[in-house]
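Welcome! Take a moment to look over the structure below, and then we will walk through a few of its parts together.

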Amino acid sequence: MTATTTAPLTAGTTRSARGPSPRLRAWATRAPLLPALIFMIAVTQLPFVATLVISFFDWNALYPKARHFTGIDNYRQVLTDADLRHSVWTTVLLTVAVVLASLVLGLLLALLLDRRFRGRGIVRTLLIAPFLVVPVAAALLWKHVLYNPEYGLFNGLLHYVGGPQPDWVSNTPLLAVEASLVWQWTPFMMLILLAGLQSRDQQQIEAARVDGAGDWQIFVHLTLPHLRRYLELGALLGSIYIVQNFDAVFTITSGGLGTANLPYTVYQSFYQAHENGLASAAGVLVVIGSIVIATFALRVVSSLFREEVSRA
Amino acid sequence: MNVLRRGGLGLLAWLAGIVFFLPIAWMALTSFHSEVDAATNPPSFAASLTLDGYREFFGSGGGPSPWPALANSTVASVVSTVCVLLLALPAAYALSIRPVRKWTDVLFFFLSTKMLPAVAGLLPIYLFAKNTGMLDNIWLLVVLYTSMNLPIAVWMMQSFLAEVPVAVIEAARVDGARLPVILARVVAPIALPGIAATALICFIFSWNELLFARVLTGVVAETAPVFLTTFITSQGLFLAKVCAASLVISLPVLAAGFAAQDKLVQGLSLGAVK
């Protein structure tokens with residue numbers, strides 16, 4: 001949208017303007033951008049470079065004098081340490097399970113909300129609400145109010161039907177964390193997919209219906225292909241946020257019972273164990289994982305973005 | 001048949017909405033119960049209502065008062081949001097209305113910083129703060145939250161400013177209007193709802209943040225989410241208090257989220273979905 005509409009303006013003004021040299025004018029155009037750019041580089045890129053450097057040192061904060069260069073030793077240790085390897089696995093499991101489950105649920109909800117019915121606005125608002133609870137508060141809600149084996153709501157409701165009274169967090173710790181995250185992230189997926197559904201070409205759907213296509217055929221052959229990139233976008237943005245999740249793991253299980261994911265492990269290894277070098281190496285590994293996801297994410301965002309640009 | 005099916009799907013949508021909202025409704029109801037009524041099995045739906053949970057939360061029972069934490073969160077969220085707007089607005093202008101060369105590359109650089117996980121820079125930031133005496137200082141969080149939200153804001157704002165028709169700007173220029181006038185009279189009215197939504201979303205993310213706040217603050221600068229972490233371990237009968245606390249601390253986010261509802265998708269998808 002922007003490329004086509006703004007280009008003529010710039011061209012027009014450069015030609016008509018007189019006075020300062022082109023170079024000066026180029027800098028005048030750039031000037032509004034510089035504060036934000038410099039700020040971002042200073043606050044996000046420099047610390048990462050520092051992390052990278054520290055990751056090559058054997059450095060325990062409790063013994064600062066013993067700090068020395070160890071090459072890739074930290075990485076070797078992170079990758080061979082059973083606990084850390086387990087946390088890599090937990091991170092993958094947590095991310096994939098939450099993203100897939102909330103994507104499927106989000107799609108079903110978006111399809112339900114895409115049709116007209118009485119009170120649609122209210123239902124939409126009810127469905128968005130879980131996403132707007134502070135993450136720590138949501139995790140506390142699940143941990144104490146819903147999961148509590150003695151007086152939690154789940155066991156309370158099971159009581160009515162004479163069901164069992166499981167200790168949810170102890171029996172299925174990872175699933176307990178995942179369920180609370182799915183509850184929070186389904187609205188996010190629903191919103192993105194609903195926007196996708198509403199940008200469908202209605203004429204095309206009408207034409208297909210006139211040609212005798214049924215609901216299911218329209219869904220499989222028209223809706224799903226159109227939604228593909230919205231599904232990808234939801235999956236990738238969701239992955240970026242959930243790979244980094246700290247709040248739910250920290251609150252519901254405090255990283256215990258085999259639920260420690262990489263962000264929690266990084267937090268623990270420097271905040272509690274003071275292993276700066278190891279924590280940095282684990283942090284770098286999280287970044288490498290994110291870069292893999294992010295490369296795909298950027299591709300999806302940029303293809304949607306280009307479509308918007310060319311549509312205008 | 002068709003009418004019946006349509007009615008059935010509407011009912012299903014309502015059911016889904018209620019199921020998703022149920023935990024929040026239950027949290028709200030429990031927050032108004034006494035501690036004894038809150039901890040029964042089966043649950044007491046019709047127990048008498050009381051404000052004890054809220055009184056407890058606000059420190060009447062001798063516990064720590066949540067007001068300093070709420071004040072810290074307010075400062076961190078509001079000031080960082082203002083900083084984000086001050087930095088993002090000119091940047092978005094230079095990426096949409098009067099774009100620099102290779103503006104898409106710059107836009108994607110901003111996005112890529114958002115994909116760098118917070119843990120990647122946490123340790124150096126912690127060490128830096130420790131050595132410069134900035135630990136437990138709310139202004140450090142302001143700087144970090146600004147950097148956390150700036151890429152989102154630049155992306156959102158870029159897409160909102162790009163909606164201002166160039167012909168209108170050009171017409172104003174031909175009429176002899178100068179840049180400040182154009183910005184105030186032409187650009188602002190069209191872009192204002194988008195700017196407001198951007199601000200609300202930045203506010204939400206700052207208010208919610210836990211990892212940085214947990215690592216970098218202590219007794220003085222602790223934020224509301226850090227205050228909530230004191231409820232992680234059970235303290236006897238405290239459900240009503242937990243519910244009251246969670247609800248009070250979530251209220252600003254719920255309010256901001258519903259206010260920005262229409263632009264929420266665009267913001268959360270970094271402007272990729274309109």
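## A buried helix in chain A

In this predicted model, the buried residues of α7(A) are Pro135(A), Val136(A), Ala137(A), Ala138(A), Ala139(A), Leu140(A), Leu141(A), Trp142(A), Lys143(A), His144(A), Val145(A) and Leu146(A). Because twelve of the twelve residues of α7(A) are buried, this helix is largely enclosed by the rest of the structure.

The helix covers residues 135-146 of chain A. From its first C-alpha to its last it reaches 15 Å, close to the 16 Å expected at 1.5 Å a residue.

## What the record says about chain B

Let's move on to chain B. An unreviewed UniProt entry places the feature "domain: ABC transmembrane type-1" at residues 70-260. In the model, that span of chain B is 76% helix and 0% strand, with its end C-alpha atoms 22 Å apart.

The unreviewed UniProt entry also places the feature "transmembrane region" at several spans of chain B, including residues 138-161 and 182-206. Residues 138-161 of chain B are 100% helix, and their end C-alpha atoms are 32 Å apart. Residues 182-206 of chain B are also 100% helix, with end C-alpha atoms 32 Å apart.

## Two helices packed together

How do α9(B) and α12(B) pack? Helix α9 (residues 179-208) and helix α12 (residues 239-259) of chain B meet at an angle of about 155°, and their axes are 9 Å apart. The two helices are therefore roughly antiparallel to each other, and their crossing is left-handed.

To find where they touch, look in α9(B) for Leu200(B), Phe203(B), Ile204(B), Trp207(B) and Asn208(B). These meet Pro252(B), Val253(B), Ala256(B), Gly257(B) and Ala259(B) in α12(B).

Definitions and conventions: Residues are numbered from 1 along each chain as its sequence is written. Chains are lettered from A and ligands numbered from 1 in the order in which they are written. This is a predicted model: local features need pLDDT of at least 70, side-chain atom pairs count only at pLDDT 80 or more; totals for chains, interfaces and linings use all residues. Helices (H or I, at least four residues) and strands (E, at least two) are DSSP runs, numbered from the N terminus. The expected span of a helix is 1.5 Å times one less than its number of residues. A residue is buried if 20 or more other C-beta atoms lie within 10 Å of its own, exposed if 12 or fewer, and partly exposed in between; C-beta atoms are placed from the backbone. UniProt positions are given in the numbering used here, feature names are shortened, and annotations may be inferred rather than shown by experiment. Axes are lines fitted to C-alpha atoms, for helices over the stretch in contact, and angles run from 0 to 180 degrees between N-to-C directions. Angles under 35 degrees count as roughly parallel, over 145 as roughly antiparallel, 65 to 115 as roughly perpendicular and the rest as oblique. A crossing is left-handed if the near helix is turned anticlockwise from the far one by less than a right angle, and right-handed if clockwise. Two residues are in contact if their C-beta atoms, placed from the backbone, lie within 7 Å.
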